[in-house]
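Hi,

Here is the structure I promised to pass on. Have a look at it first, and then read on for what I found.

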Amino acid sequence: IIIWYYIIGDNMKVKIFDMDHELDLEEEVNNFIRDKEIVDIKYNVAIEAIGEDQIYCYSAMVIYVCK
């Protein structure tokens, strides 16, 4: 971990995405990471039921190096 810190340094950043549809999330993340050096991507899905309806929330956290 210490070696990794010296390589990446203080240039690491995080971007959070939150969408109602998985295809929208995919498009936004792909557009964002196109020209970035990616360290990691974390993905999450949350579901809430309200009566007969179900609400989905698709989110991703992209950890990247800012050059």
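Start with Lys 15: this residue lies over the face of Phe 17, at 5.7 Å from the ring centre. There is a second case of this kind, where the charged end of Lys 36 sits over the ring of Phe 32, 4.3 Å from the centre of that ring. Keep in mind throughout that this is a predicted model.

For Phe 32 the relative accessibility is 16%, which is why Phe 32 counts as buried.

Phe 32 also pairs with Tyr 64: the ring centres are 5.2 Å apart and the planes stand at 80 degrees, so this pair is edge-to-face. Here the link is between distant parts of the chain, with Phe 32 in helix α2 and Tyr 64 in strand β3, 32 residues apart. Tyr 64 has a relative accessibility of 11% and therefore counts as buried. Put together, ring pairs join Phe 17, Phe 32 and Tyr 64 into a cluster.

Now for the sheet. How many strands form it, and in what order? It is an open sheet of 3 strands, ordered β1-β3-β2, with antiparallel pairing. β1 and β2 are at the edges and have a single partner strand each, so one side of each has no neighbour in the sheet. On average, neighbouring strands are turned by 15 degrees against each other, ignoring direction. Helix α2 packs on this sheet and touches β1, β2 and β3, and the direction of α2 makes about 10 degrees with that of β3.

Two bridges to look up are Ile 38 with Tyr 64 of β3, and Asp 40 with Ile 63 of β3. β2 and β3 make a hairpin with 2 residues between them, and Gly 51 in the turn has a positive phi of about 65 degrees.

At 19% relative accessibility Ser 59 counts as buried, because the cut-off is under 20%.

Last, a word on confidence. The chain has a mean pLDDT of 87, and 87% of its residues reach 70 or more. Among the elements of the chain, α2 has the highest mean pLDDT (96), whereas helix α1 (residues 2-8) has the lowest (55). Where pLDDT is low, the predicted coordinates should not be read in detail.

Cheers

Key:
Residues numbered from 1 in each chain as written. Predicted model: local features only at pLDDT ≥ 70, side-chain atom pairs only at ≥ 80, totals over all residues. Heavy atoms only, no water. Pairing = 2+ DSSP bridges. Helix = DSSP H or I, 4+ residues; strand = E, 2+ residues; numbered from the N terminus. Buried < 20%, exposed > 50% of the residue type's maximum accessible area, 1.4 Å probe, protein only. Phe/Tyr/Trp six-rings, centres within 6.5 Å; stacked < 30°, edge-to-face > 60°. Lys NZ or Arg CZ within 6 Å of the ring centre and 35° of its normal. Axes fitted to C-alpha atoms, helices over the stretch in contact; angles between N-to-C directions. Contact = heavy atoms within 4.5 Å. pLDDT = per-residue confidence, 0-100.
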